Amino acid sequence: MTLPSVQDNSFIVDRESLLRRITYRIRRSLNLQEILSITVAELSSFLKTHRIKIYKFHPDGSGQVIAEYIREQKLPSLYGLNFPVDDIPPSARELFIKAQVRVVVNVDSCQLGQSILRDPETGEFVYEDLRFRPVDPCHAEYLTAMGVKTSLVLPILHHDQLWGLLVSHHAETHIFSEYELTVVQLVTDQLCVAIAQSILLAEAQEKAQREAVINRVAMLLHSQLAIELQVALEETVAAFSGSGGRLCFRSEALELEKNSAKTFAEFLATKRDAIRLYTCGEQPVTHKVTKYQMLEEYHIWQEHFKSNNYQAWAISDLHLISSFRNLQPLFESTKIRSLLVVPLSYRQQEFGYLTIFRNEFETDILWAGQFDPDERQLYPRQSFAVWRQSDRLQIQQWKTIEIELAQTLATHFTTAIQQYEMRHSLEVLNASLEQQVQERTAKLQQIAEQLTRALHELQATQMQLVQREKMASLGQLVAGVAHEINNPVNFIYGNFVHIEEYVYDLLRLLELYQNQFYNSDLKIRELVDGIDLDFITQDLPKTLSSMKIGTDRIRQIVLSLRNFSRLDQAEIKSVDIHEGIDSTLLILQHRLKGKSNRYPIEAIREYGKLPLVECYAGQLNQVFMNILVNSIDALEEKYTERNAEYEKNTPKIRIYTEVVEDSVKIVIADNGSGISESIKNRLFDPFFTTKTVGKGTGLGLSISYHIVVEKHRGKLECYSSLNRGTEFVIVIPQRQT
């Protein structure tokens with residue numbers, strides 16, 4: 001290859017500038033048509049060519065000029081014109097795809113040059129110079145009829161498929177340099193990138209449009225109390241550019257009794273009142289003499305879907321389906337040609353159809369020269385003047401993505417209809433059951449009352465037995481402890497008065513003796529110094545006082561135990577609520593005090609002035625015990641180790657009481673971890689517990705609820721949220737009737 005000249009260097013500069021401009025435009029714009037228009041204009045300016053066009057292939061193999069630039073008006077415009085499939089033979093198409101061949105034709109010299117970029121056998125990229133051979137006379141005659149002396153054709157590929165062609169036409173002889181071919185090839189490569197981006201963008205936009213349709217239909221079907229089936233059907237038909245649509249299904253909610261029909265066909269034949277039909281747009285026309293008044297009654301529907309084939313049935317042209325001959329008269333007066341039928345099925349049972357219609361349409365195709373589409377083109381055309389072909393009765397094929405969209409929408413219709421039918425069925429069933437219950441209740445009211453009383457008595461008896469057994473066990477324990485401790489403690493406590501008198505007398509005597517005879521005997525002085533008599537005389541009264549306080553403490557504990565169990569108050573009596581709370585706190589004192597592995601819990605008592613309250617004192621004390629134990633457990637769980645939380649917020653239990661109208665209110669609150677909403681809803685259920693095995697039975701709060709609500713006609717409520725503590729509120733009437 002020869003070294004580039006000064007002119008070649010200018011070509012290099014032009015090439016780089018052209019590529020930068022085109023690359024910049026491609027990256028700046030997402031509009032493919034704008035990119036193509038810019039590309040042909042830039043290439044025309046670079047090559048000084050008379051016509052640059054971009055030719056895109058249709059799915060049927062024909063093609064159309066979709067972008068063009070004419071220079072100096074030396075060649076006519078072909079923009080928008082279509083070319084038949086025979087204009088580019090299969091062998092040429094195959095070379096374009098497999099070898100990415102570039103073709104240069106010089107009509108005057110009758111030469112055709114080809115340069116491949118890819119080995120058609122191995123698929124590897126290669127690069128070779130143009131190889132010339134004589135051009136086919138038909139090809140040369142074809143170009144001459146177009147007024148072309150020199151042409152350059154490069155394939156535009158997308159995913160190894162022939163998307164289109166980049167074509168340069170000269171009205172005069174033109175020799176393409178290697179630099180020009182390189183530039184045009186680079187521009188073509190950039191076009192391939194732009195086309196790929198455009199196709200991806202179009203696919204993304206189509207997907208977004210489909211999702212938007214699904215969302216709109218779903219909103220109409222699922223977001224309202226009354227489903228908008230008519231509006232949803234209209235939205236669905238519009239999404240497919242349809243001319244009409246039908247939604248036909250059976251309404252099971254109206255056939256609750258004696259419903260022997262199993263299939264949709266049986267419903268159509270025997271349960272017409274249970275069929276619901278929604279329509280929009282153009283519809284097939286039925287007459288009184290027509291065998292069936294509903295399209296869905298024809299057996300072709302059932303025959304097609306009878307083998308549990310619940311896939312959509314796409315019919316592009318109903319006139320080409322032989323089994324539709326009985327239905328074709330219904331469509332004669334309409335323009336409907338295409339149908340998409342999607343069965344509605346629930347639990348492997350068909351219950352309706354969603355049908356979408358599309359009309360036939362007319363098309364005008366502008367061809368580059370007249371030709372017979374039904375005959376193979378044997379000779380090259382002599383004229384490329386615009387020839388208009390008008391086709392009537394054209395149809396639009398159903399695309400795979402449209403069928404998938406229809407099935408998705410049918411699923412939403414199915415779900416919405418079933419939910420609505422189920423809701424309606426429940427309403428009908430509830431109304432029927434309510435009427436039956438009212439009738440039976442009126443007849444058996446006197447007997448529903450006796451059973452209710454018996455049931456309440458049985459429940460009360462069961463709960464009383466449980467409570468009595470527990471209280472009896474506790475009472476026996478308290479009685480045993482009190483009996484074993486009370487007498488000796490009382491004996492000791494009663495003799496403390498005498499012991500104090502004796503000790504004080506002995507101390508006075510010892511002091512007198514010490515003052516009178518201290519120096520009389522050496523052994524006495526040594527013994528006095530040895531036993532530290534002065535310390536003994538000072539500490540002995542203190543020791544006696546401490547022993548008296550401890551004994552009094554034991555007497556208070558015994559009294560608190562008796563007060564807690566209230567063995568002598570099994571019936572309703574007027575008691576001091578504060579005594580019961582204090583007794584319970586005294587019994588739980590060992591858990592409130594701090595230990596090596598547990599921090600102290602502060603019990604704050606904010607007592608109001610309460611009157612005596614009529615209640616079952618022992619049972620009410622049990623309620624206080626259960627709630628306080630739960631609070632202590634929660635605080636111990638939260639404050640297991642000394643941390644920042646403990647430093648700023650020590651564990652506390654606050655007990656607050658007040659009079660509220662004719663009742664007393666007791667509030668027991670802690671600053672523990674709190675209770676979640678799901679647990680709080682089950683807090684008073686029997687046997688429900690969140691504690692580990694062995695730490696709780698789940699009966700404490702359930703029994704407490706029964707004692708407060710059932711036994712005392714009061715209220716027991718819990719207010720809590722996570723990390724904000726828990727508050728139990730007990731409200732008990734002052735008087736029990």
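This is a predicted model: local features need pLDDT of at least 70, side-chain atom pairs count only at pLDDT 80 or more; totals for chains, interfaces and linings use all residues.
**The antiparallel sheet**

Strands of a sheet pair through backbone hydrogen bonds, either parallel or antiparallel.

Look at β12 (residues 336-346) and β13 (residues 349-359). They pair in the antiparallel sense over 10 bridges. Within this pairing, Val-341 sits opposite Thr-355 in β13.

**Helices α5 and α6**

Two packed helices are described by the angle between their axes and the distance between the axes. For α5 (residues 178-222) and α6, the angle is about 170 degrees and the axes are 8 Å apart. That angle makes α5 roughly antiparallel to α6. The contact includes Val-213 and Leu-220 of α5, and Val-231 and Ala-232 of α6.

**Helix α4**

Which residues of helix α4 (residues 137-145) are buried? They are Ala-140, Tyr-142 and Leu-143. They cover an arc of only 155 degrees around the axis, so they lie on the same side of α4. These buried residues pack against β3 (82-83), β4 (102-106), β7 (150-158) and β8 (161-170).

Asp-136 caps the N-terminal end of α4. One of its side-chain oxygens lies 2.9 Å from the backbone nitrogen of Cys-138. Just after the helix, Gly-147 takes a positive phi of about 80 degrees.

**The mixed sheet**

Another open sheet has five strands in the order β17-β19-β20-β22-β21, with mixed pairing. Its edges are β17 (602-606) and β21 (715-720); each has a single partner strand, so one side of each is left without a neighbour. Neighbouring strands are turned by 15 degrees against each other on average, direction ignored.

β21 pairs with β22 (residues 726-733) in the antiparallel sense over six bridges. Here Tyr-719 stands opposite Glu-727 in β22. Helix α13 (residues 577-587) packs on this sheet, touching β17, β19 (652-660) and β20 (663-670). Helix α18 (residues 700-711) lies across β21 and β22.

| Helix | Strand | Angle |
|---|---|---|
| α13 | β19 | about 170 degrees |
| α18 | β21 | about 135 degrees |

Notes. Residues are numbered from 1 along each chain as its sequence is written. Side-chain values use heavy atoms; hydrogens and water are left out. Two strands pair if DSSP finds at least two bridges between them. Helices (H or I, at least four residues) and strands (E, at least two) are DSSP runs, numbered from the N terminus. Buried means under 20% relative accessible area, exposed over 50%, partly exposed in between (1.4 Å probe, protein chains only). The arc is that of the directions from the helix axis to the C-beta atoms. Contact means heavy atoms within 4.5 Å. A polar contact is a pair of N or O atoms within 3.5 Å; within protein, one must be able to donate a hydrogen and the other to accept it, and residues adjacent in sequence count only if both atoms are side-chain atoms. Axes are lines fitted to C-alpha atoms, for helices over the stretch in contact, and angles run from 0 to 180 degrees between N-to-C directions. Angles under 35 degrees count as roughly parallel, over 145 as roughly antiparallel, 65 to 115 as roughly perpendicular and the rest as oblique.
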